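Please open the structure in a viewer and keep the selection panel at hand.

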Amino acid sequence: MDKLLIRGGRRLNGTVAIAGAKNAALPELCAALLVDGVTTLHNVPQLQDVATMLKLLRNMGVVAERAAEQPDVVTLDASRISAPEAPYELVKTMRASILALGPLLARFGQARVSLPGGCAIGSRPVDQHIKGLQAMGADITVDHGYIVARAARLKGARITTDMVTVTGTENLLMAAVLADGETLLENAAQEPEIPDLAELLIAMGAKIEGHGTSRIRVQGVERLHAPAQPHRIIPDRIEAGTFLCAVAATGGDVTLQGADAHHLDALVDKLREAGANITDGVLDGVPWIRVRGDGRPKAVGFRTSEYPAFPTDMQAQFMAVNCIATGTARISETIFENRFMHVNELVRLGAHIEVDGHTAVVTGVPLLQGATVMATDLRASASLVIAGLVAQGETQVDRIYHLDRGYDRMEAKLRAIGADIERVK
C-alpha cells in the first residue's frame with residue numbers, strides 16, 4: 001500500500017495546473033448514458049474515482065476511451081448498452097455510482113443499481129433520489145441490496161427534496177430531461193458542478209432553466225443527441241482550495257493555473273482573513289489564482305454549509321491551517337456527522353484540538369512535529385499532507401489510496417513547487 005513521506009518546513013513557490021473537477025466529471029460521464037452516439041469530454045481528471053466510473057460504464061457496454069496523447073480527453077459511446085446495471089462490486093468503492101440510476105431509467109425504462117453502502121464520513125442517504133424518481137412515476141423496489149427501477153416513460157413532476165443534495169439534484173436532473181412534461185426541482189443544490197452538468201445536457205438538446213439556483217425547471221424531450229462539440233469540465237475548486245490552504249500554511253508564492261476564484265468565494269474570504277494575499281484574473285481565456293503567504297496565519301473560525309457557503313470538502317484542509325495559526329478558532333461541521341476523523345491524526349502531529357459534537361476548537365501552536373499518521377477519507381488525507389508540509393521532521397501518511405480518489409498526482413505537483421515529498425510503494 002502506497003505511503004507519502006514528507007519532510008516539512010519548506011515554502012512553496014511556482015505554478016500549479018489545476019485539474020478538472022472530479023465532482024463534475026462523475027455525473028457528466030454518466031450523462032453519456034442518455035444519448036445514442038459519442039460524447040467527448042475534455043479536462044477529465046486522472047483519478048481513481050474516474051477510473052472506477054469508466055469501469056462501471058464499460059461494464060454496461062459503453063465504449064469509453066482515454067486519448068493516449070491527451071489523457072484528459074475521454075470519449076464515450078453508449079449506443080449499445082448490454083446491461084443497465086451497476087453491480088455492488090463496483091458501487092461499493094464509490095458512492096457516486098448511484099448517478100447511473102437516473103440516466104439509465106430515463107433512457108431505457110429500467111435500471112438495477114446496487115445500494116452504495118456505508119461511508120466513512122457519515123450517512124449519505126439515497127432516499128431523496130428514490131422519492132424523486134417515484135414522484136416522476138417510477139416503480140422502485142429494493143431487492144437483495146439493489147435498487148430496481150422501472151418506468152415506461154418518466155412523467156414531469158414538482159419535486160422538493162427534504163435536504164439539499166448534490167448527487168440527488170444531478171440524478172433527478174438527468175432523469176427529468178427525457179421525462180414527459182415539465183419537472184420542477186425545488187431546493188436544488190447550487191454547486192458549480194450542477195450548472196456545468198446542465199450545460200452539457202443542454203448541448204445534448206435538453207431544455208433546462210434556472211441551473212445554478214435553488215429552482216431548476218426542466219421541459220422534457222423525447223430524445224437527446226450527442227453533443228456537437230466536446231464539453232470542457234470546469235476546474236476542480238476543491239483541489240484549488242487545497243493548494244491555497246497549503247500555501248497559507250507553509251508560506252510562499254504560488255499561482256494556480258485554471259482555477260476559478262468565483263467558485264471559491266467563501267474559502268478565499270476566510271484565507272484573506274487569515275492573512276493570505278490572494279489575487280485572481282483571466283489570461284488568454286484561462287482563469288488563475290495567485291496566493292502569497294508570509295509568517296504564521298491568523299486563526300479563523302467558520303461553519304460549513306451548502307454552496308455558496310463554506311464547503312464541507314474544505315473543512316479538514318482549513319483546520320490544518322488553523323493548527324499552526326496564532327489564536328484559537330471554532331469550526332462547526334453541519335453536513336456530515338463523522339467528518340472530524342482527521343482530528344486524532346492531527347493531534348499526533350502536535351495539534352491542539354478539542355471536539356464537542358459537531359464543533360472543533362483549534363488552538364494554534366508554533367510548530368507541528370512529524371509523525372506517522374493514517375488517512376481516513378479523501379479530504380482528511382489532504383489535511384494531513386498540509387500538516388506534514390509545515391511539521392518539523394518527517395511525516396509519513398499511510399493509506400493514501402483515499403488521496404488518489406480525488407487528487408491528480410498531488411505529490412508530483414507539490415514537489416514541483418518546492419515541497420520535499422515522495423511516494424513510497
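The stops below go from the whole chain to single residues and then to a sheet.

The model is predicted, so to read it note that local features need pLDDT of at least 70, side-chain atom pairs count only at pLDDT 80 or more, and totals for chains, interfaces and linings use all residues. Residues are numbered from 1 along each chain as its sequence is written, and side-chain values use heavy atoms, with hydrogens and water left out.

**Stop 1: the two domains**

Colour residues 3-19 and 235-424 as domain 1, and residues 22-232 as domain 2; these bounds come from an automatic or database domain assignment. The C-alpha centres of the two domains lie 30 Å apart. At the boundary, 22 residues of domain 1 are in contact with 18 residues of domain 2, where contact means heavy atoms within 4.5 Å. The domains bury about 1,700 Å² between them, 53% of it on carbon and sulfur atoms. Buried area here is the accessible area (1.4 Å probe) that two parts lose on being put together, summed over both. Select Tyr 307, Phe 336 and Arg 405: they supply 32% of the area that domain 1 buries against domain 2, more than any other three residues.

**Stop 2: annotated positions**

Next, select Arg 95, Arg 124, Pro 125, Val 126, Asp 127, Gln 128, Asp 313 and Ile 335, which an unreviewed UniProt entry annotates as "binding site". Such annotations may be inferred rather than shown by experiment.

Arg 95 is found in the loop between α3 (88-91) and α4 (101-108). Helices (H or I, at least four residues) and strands (E, at least two) are DSSP runs, numbered from the N terminus. Is Arg 95 buried or exposed? Arg 95 counts as buried because its relative accessible area is 16%; buried means under 20%, exposed over 50%, and partly exposed in between (1.4 Å probe, protein chains only).

Move to Gln 128 in helix α5 (residues 127-135). Gln 128 is buried, with 4% relative accessibility. Beyond its neighbours within four places in sequence, Gln 128 is in contact with Thr 161, Asp 162, Met 163, Thr 165 and Leu 172.

**Stop 3: Leu 104**

Select Leu 104 in helix α4. Its relative accessibility is 0%, so Leu 104 counts as buried. Not counting residues up to four places away in sequence, Leu 104 touches Leu 33, Met 60, Pro 84, Glu 85, Gly 109, Gln 110 and Ala 111.

**Stop 4: a sheet and its helix**

Now show the open sheet of four strands, whose order is β18-β19-β21-β20, with mixed pairing. Two strands pair if DSSP finds at least two bridges between them. The edge strands, β18 (302-303) and β20 (352-356), each pair on one side only.

Within this sheet, β19 (residues 328-332) and β21 (residues 359-363) run antiparallel and are joined by five bridges. Val 361 in β21 is the bridge partner of Arg 330, and Val 361 also stands opposite Glu 354. β20 and β21 pair in the antiparallel sense over five bridges. Their hairpin has two residues between the strands, and there Gly 357 takes a positive phi near 65 degrees.

Nine of the nine residues of α10 are buried, including Phe 318, Met 319 and Val 321.
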